[in-house]
Each structure stands twice: as C-alpha cells, then as structure tokens.
Amino acid sequence: MAYQKNTLHALSSCEQWASGVLQQVNIEYHEQEARERQGTLPKVLLAYSTTPKTSTGEITYSLVNGTDAVIPVDIEEPSLRYSHESGPRNDENRRQDLHEAEEKRDMAYIRMVDQKQQAERYYNKKAKIRLLKVGDYVLKAKTHASKDPRDGKLGTNWDGPYKITAEASKGSFQLETMEGKLLPSNWNTAHLKYLNF
C-alpha cells in the first residue's frame with residue numbers, strides 16, 4: 001500500500017513539473033512569435049497602401065494625396081525617378097498631381113460603381129424571382145424544428161397548401177390554412193412555393 005502511495009505521489013509531482021515546463025515553453029514560444037511579428041505591421045501597411053485596389057484600379061495613397069507613394073527602398077537606394085527630381089521641378093509635378101487627383105478620384109468612383117453594378121447583375125441573373133399575389137395558393141417550407149424526426153430524410157419538405165391573405169411587406173406574406181385559420185407569423189417568398197391547382 002505504501003509503495004502505491006509513493007508511486008502516486010511521484011507521478012503527481014512529475015505531472016506538476018511537466019506542466020510547469022510546458023507552460024514555460026509555451027510562454028517563450030509566444031514571446032518569440034510576438035517578437036518576429038513586431039516588425040511586419042509597417043511592411044503590411046506599406047504593401048496595402050502601395051497596391052492598386054481592384055474596385056478602384058488606383059493606389060489608396062494616390063487617391064488621398066494625389067501622388068504615388070515613395071517606398072523606403074527608393075529613398076535608401078535612389079531610383080532614376082527619385083534621383084532626377086529637382087526642387088522646382090518636383091514642386092511643379094506636385095501641383096500637377098494635385099490638379100489631376102480630383103479626376104483620378106472621379107474615375108476611381110466610376111470604376112467602383114461599375115464593379116458594384118456588375119456584381120448586382122451577376123447576382124440578379126441567378127436569383128429566382130417569385131411573383132406571388134394575394135389569393136394564390138402556396139406550399140410553405142418546413143423548418144428543422146417543424147419536421148418530425150421519425151420521418152427521417154424521406155419526410156416531406158413542404159407544408160400546405162396555404163392561401164395568401166395579405167402582403168405584409170415587400171416579399172413577405174400573411175398565410176392562412178385551408179380552414180381559414182391565420183398563421184401567427186409572416187413568411188418570406190424564399191420559403192414559399194407556388195401551388196398549381
């Protein structure tokens with residue numbers, strides 16, 4: 001009995017030691033990871049501000065400031081564009097960039113609106129438009145809560161028929177059973193299917 005007690009005590013102290021070592025390793029790992037990540041944020045922000053966006057086709061920095069961003073590499077190791085700029089010439093180019101900035105913003109806005117319209121057309125092409133009106137008979141989709149679990153996957157997916165009695169708001173209707181009893185909530189057309197009699 002004493003042997004088992006000593007063994008259990010040794011195991012529990014070994015577990016405590018292992019837990020402490022694992023905690024220390026975990027803390028050191030996360031500290032090292034944080035140190036490695038510390039220098040990446042400025043690089044990520046620079047990359048974000050100097051990359052043209054698909055919606056506007058322009059660099060964000062250019063839309064705000066009217067000129068392209070000069071990245072730190074251009075300053076440390078001057079490129080031809082950076083080294084051939086003189087004071088007065090640079091001032092004149094800056095004024096010209098500022099005059100063109102409003103035009104760039106307008107063109108970017110036009111491209112952004114066009115992209116949104118393309119997305120809308122794509123969505124509307126695939127959307128099923130259900131034209132229902134008061135007096136139509138419909139089937140109502142069964143929810144998971146209203147399905148009988150004993151039916152399994154071969155159970156019906158639609159309840160009904162129901163009659164549309166009123167339009168509650170755009171795309172949702174008030175329904176009543178064939179006996180004339182109103183359903184307590186309104187139903188969206190996404191959950192209704194037209195029923196041909």
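What you're looking at is a predicted model, in which local features need pLDDT of at least 70 and side-chain atom pairs count only at pLDDT 80 or more, while totals for chains, interfaces and linings use all residues. Residues are numbered from 1 along each chain as its sequence is written, and side-chain values use heavy atoms, with hydrogens and water left out.

**The big picture**

The secondary structure comes to 6 helices and 5 strands. Here helices (H or I, at least four residues) and strands (E, at least two) are DSSP runs, numbered from the N terminus. Read from the N terminus, the order is α-α-α-α-α-α-β-β-β-β-β.

Of the 197 residues in the chain, 16% are buried. Buried means under 20% relative accessible area, exposed means over 50%, and partly exposed is in between (1.4 Å probe, protein chains only). The accessible surface of the chain is about 16100 Å², and carbon and sulfur atoms hold 56% of that. Such areas come from the Shrake-Rupley method with a 1.4 Å probe; for residues, only the protein chains shown count as cover. Among contacts (heavy atoms within 4.5 Å) with a separation of 6 or more, 48% link residues 24 or more positions apart.

**How the strands pair**

Two strands pair if DSSP finds at least two bridges between them.

| Strands | Sense | Bridges |
|---|---|---|
| S1 and S2 | antiparallel | 4 bridges |
| S2 and S3 (residues 172-176) | antiparallel | 5 bridges |
| S3 and S4 (residues 187-188) | antiparallel | 2 bridges |

Some partners can be picked out by name. Ala-141 has Trp-158 in S2 as its bridge partner. Ile-164 stands opposite Leu-175 in S3, and Ser-169 stands opposite Ser-172 in S3. The hairpin of S2 and S3 has 2 residues between the strands, and Gly-171 takes a positive phi near 90° there. Moving on to S4, its Trp-187 stands opposite Phe-173.

Strand S3 is largely enclosed by the rest of the structure, because 4 of its 5 residues are buried. As a general point, side chains in a regular strand alternate between the two faces of the sheet.

**Two residues in one loop**

The loop between S1 (137-141) and S2 (158-169) holds Arg-150, and Lys-142 lies in the loop between S1 and S2 too. Lys-142 counts as buried because its relative accessible area is 19%. Leaving aside neighbours within four places in sequence, Lys-142 is in contact with Lys-147, Thr-156, Asn-157, Trp-158 and Asp-159.

Arg-150 counts as exposed, because its relative accessibility is 73%. Its side chain makes a polar contact with the side chain of Asp-148 (3.0 Å). A polar contact is a pair of N or O atoms within 3.5 Å; within protein, one must be able to donate a hydrogen and the other to accept it, and residues adjacent in sequence count only if both atoms are side-chain atoms.

**Over on the helices**

Thr-50 lies in the loop between helix H2 (40-49) and helix H3 (60-65). With 25% relative accessibility, Thr-50 counts as partly exposed. Thr-50 and Ser-62 are 12 residues apart in sequence, and their C-alpha atoms are 8.4 Å apart in space.

Finally, helix H6 (residues 87-126) includes Ile-110.
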